[in-house]
Amino acid sequence: MLLKILITTGAMVGISGLLALLLLIAEHFLANYGECTLSINNEKQVHVQGGTSLLAALNSQKIFLPSACGGRGTCAYCKCKILAGAGPLLPTEEPLLTPDEIRDSFRLSCQVKVKQDMQIAIPEELFNIREFKTEVSLIKDLTYDIKLLRLNLIEPEEITFKAGQYIQLITKPYNGVKESVSRAYSIASPSYEKKYIDLMIRLVPEGICTTWVHQHLREKEIVNIVGPMGDFYLREGAGEIIMVAGASGMAPIISLLEEIAARKIERNVTYFFGAVAKRDLFFTEEIAALKKRLPNFQYIPTLSQSQPGDAWEGETGLITQPLERYIKNHDTSQSQVYMCGSPGMINACIAVLNKNSIQNERIYYDPFA
Ligand SMILES: Cc1cc2nc3c(=O)[nH]c(=O)nc-3n(C[C@H](O)[C@H](O)[C@H](O)COP(=O)(O)OP(=O)(O)OC[C@H]3O[C@@H](n4cnc5c(N)ncnc54)[C@H](O)[C@@H]3O)c2cc1C
Ligand code: FES
C-alpha cells in the first residue's frame, strides 16, 4: 500500500515537474513580447524589449533600482510601485512584501517580467544611481580572508555618495561561472574622496563574487559598478553614536567615522568591533589615527575565541556582551546605534538594544546578506 502511494506521488511530482519544464521551454522559445513601453512617474516613457525582468529592462535603459542580491529575489531592495501591467503577484514575491506594500502595488522588480506596457513609479532620488567604469588600483590583504579593493573612477570621473552607502560590484565571467553577477559592497572610503572608492571584501567559500575578487581580479583591470545605494547613513542628533560591526562590516563604519571627523561632529562615539581571534582584527593603525581626530571616540574590539598566542587583554565574548554592559552603565536615552555585519549579529544586538530601552527608531543597520 505504502509503495503504491509512493509510486503515485512520485509519478505526480514527475509529471508536474515535466509540465513546468515544458512551460519554461515554450515560454523561452515561443513567447515574444516584442517592444513594451514603460511609463515612469507619468513623466517619462522608455521602450524596452519584453521578456526580461523589470529590473533588467530598467538597467538596459541606465535606470537602476537598489538591489543587493543581484536579482535572486532574496533582498527585497528592488521594490517598486507598479501601477499597471504587472500581472498577478508571484509566490516568489509574497514573502518579501508586507500586506501594506502589496495593497500599495509594490512589487519586486527582479521577479516581475515585462510582458506588456507598464506604468511604474520610482522615487526621484533613485535617478542618481548610475553605472561607473572603474580601474582596480589596489588589492591588499587586510586579514587572511578580507581584502581591500580600491577602484579609481574613470567614467564618470567622480562619485557623490553619503558615508555608509553601498555600490553594486559587477563581476566578469571566470572559470565555470559563465555570467556576470552583481553584489552589494559598502563603501569604506570617506565621502569627500570622490575620485576613488575603497571596498572591504570578505571571502565567502564558494561565493561567486568574492572568489572572483580574491582569486581572479587583478590590479589595472577595468570593472563596472552601479551606485550609490542605500539608506544607511549618519542621522542628525545630539546624543551618543554607538557603532557595532563584525568582519567586513568595518567598511561603512570607517566611512562614517571619517565623516564625523571631517565634519568635526563632537558627539561621543563608541565603536564595538566583534572578531573571533586577534588575526581577525584589522585597520588598527587607521583607527588609532582616527582617534587623534575624534576627541570623543572610544574603540572596543572584542574577541569571541581569543587564541593562547593572542596575549589578549581586551574585551572577550560575543559582541552583545560588552555592548549590553556599556548600555547598562551609560545614559543612552538619546543614543543612535549604527550596525553592519552578519544578520545573526545584527538581530542579536537589536534584541539587546530593545531590552535596554533603545527602540528601533534609533537603530540603523545594513545586514550583509
Ligand atoms: C547592503 C549590503 C552591503 C554589503 N557590504 C558588504 C561589504 O562591505 N563587504 C562584504 O564582504 N560583504 C558585503 N555584503 C555581502 C555581499 O553583498 C555578498 O552577499 C557576499 O560578498 C557574498 O557574495 P558571493 O557572490 O561571493 O556569494 P554568493 O555566490 O552570493 O553566495 C554563496 C553562498 O554563500 C552564502 N552567503 C552569501 N553571503 C554570505 C555571507 N556574507 N556570509 C556567509 N555566507 C554567505 C549564500 O547563501 C550562498 O549559499 C553586503 C551585503 C549587503 C546586502
Ligand atoms: S534584487 Fe534582491 S529581491 Fe530583487
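In the hairpin formed by β1 and β2, 3 residues sit between the strands, and Asn 41 takes a positive phi near 55°. You're looking at a predicted model, where local features need pLDDT of at least 70, side-chain atom pairs count only at pLDDT 80 or more, and totals for chains, interfaces and linings use all residues. Residues are numbered from 1 along each chain as its sequence is written, chains are lettered from A and ligands numbered from 1 in the order written, and side-chain values use heavy atoms, leaving out hydrogens and water.

## Getting your bearings

**Task.** Work out how many helices and strands the protein chain has, and what share of its residues is buried.

**Solution.** Start with the secondary structure: the chain comes to 8 helices and 17 strands (DSSP runs numbered from the N terminus, with helices being H or I of at least four residues and strands E of at least two). Next, take the burial: 47% of the 369 residues are buried (under 20% relative accessible area; exposed is over 50% and partly exposed in between, with a 1.4 Å probe and protein chains only). For the overall extent, the C-alpha trace spans about 65 × 65 × 45 Å along its principal axes.

Now go through the pairings. β1 and β2 run antiparallel, joined by 6 bridges, and here Ile 40 stands opposite Lys 44 in β2. On to β1 and β5: these run parallel, with 3 bridges, and Ile 40 stands opposite Ile 120 in β5. Then β5 (residues 118–121) meets β3 (residues 79–84) through 3 bridges, running antiparallel. In that pairing, Ile 82 has Ile 120 of β5 as its bridge partner.

**Task.** Explain why β1 counts as largely enclosed.

**Solution.** Look at residues 35–40, which make up β1: 5 of these 6 residues are buried, so the strand is largely enclosed by the rest of the structure.

## Sizing up the pockets

**Task.** Describe the volume and lining of the largest pocket.

**Solution.** The volume is about 1100 Å³. A pocket is an open set of points on a 1 Å grid over the protein atoms alone, with protein on both sides within 12 Å along at least five of seven lines; a cavity is a set where a 1.4 Å probe fits but cannot get out; and lining residues have an atom within 4 Å of a point. Points join across faces, edges and corners, and volume is the space filled by probe spheres set on them.

Count the lining next: it has 44 residues, with Arg 202, Ser 248, Gly 341, Ser 342 and Phe 368 lying nearest the centre. Several elements give two or more residues, including β10 (196–202), α4 (208–216) and α8 (343–355). The top contributor is β9, with 4 residues. By class, you have 25 nonpolar, 13 polar and 6 charged residues (nonpolar: Ala, Val, Leu, Ile, Met, Phe, Trp, Tyr, Cys and Pro; charged: Asp, Glu, Lys and Arg; polar: the others, Gly among them).

**Task.** Do the exercise again for the second largest pocket.

**Solution.** This one has a volume of about 910 Å³. Its lining has 31 residues, and Pro 66, Leu 126, Met 229, Gly 230 and Asp 231 are the closest to the centre. At least two lining residues come from each of β3, β11 (222–229) and β17, and β17 gives the most, with 5. The lining splits into 20 nonpolar, 4 polar and 7 charged residues.

**Solution.** The largest cavity holds about 30 Å³ of space. Sorted by class, that's 5 nonpolar, 1 polar and 2 charged.

## Checking the cysteines

**Task.** Count the disulfides and explain what rules out a bond for Cys 340.

**Solution.** The count is 0, where a disulfide is a pair of cysteine sulfur atoms within 2.5 Å. Check the distance: the closest cysteine sulfur to that of Cys 340 belongs to Cys 349, 12 Å away, so it's too far for a bond. As for burial, Cys 340 is buried at 0% relative accessibility, and Cys 349 is also buried, at 0%.

Definitions and conventions. Pairing = 2+ DSSP bridges.
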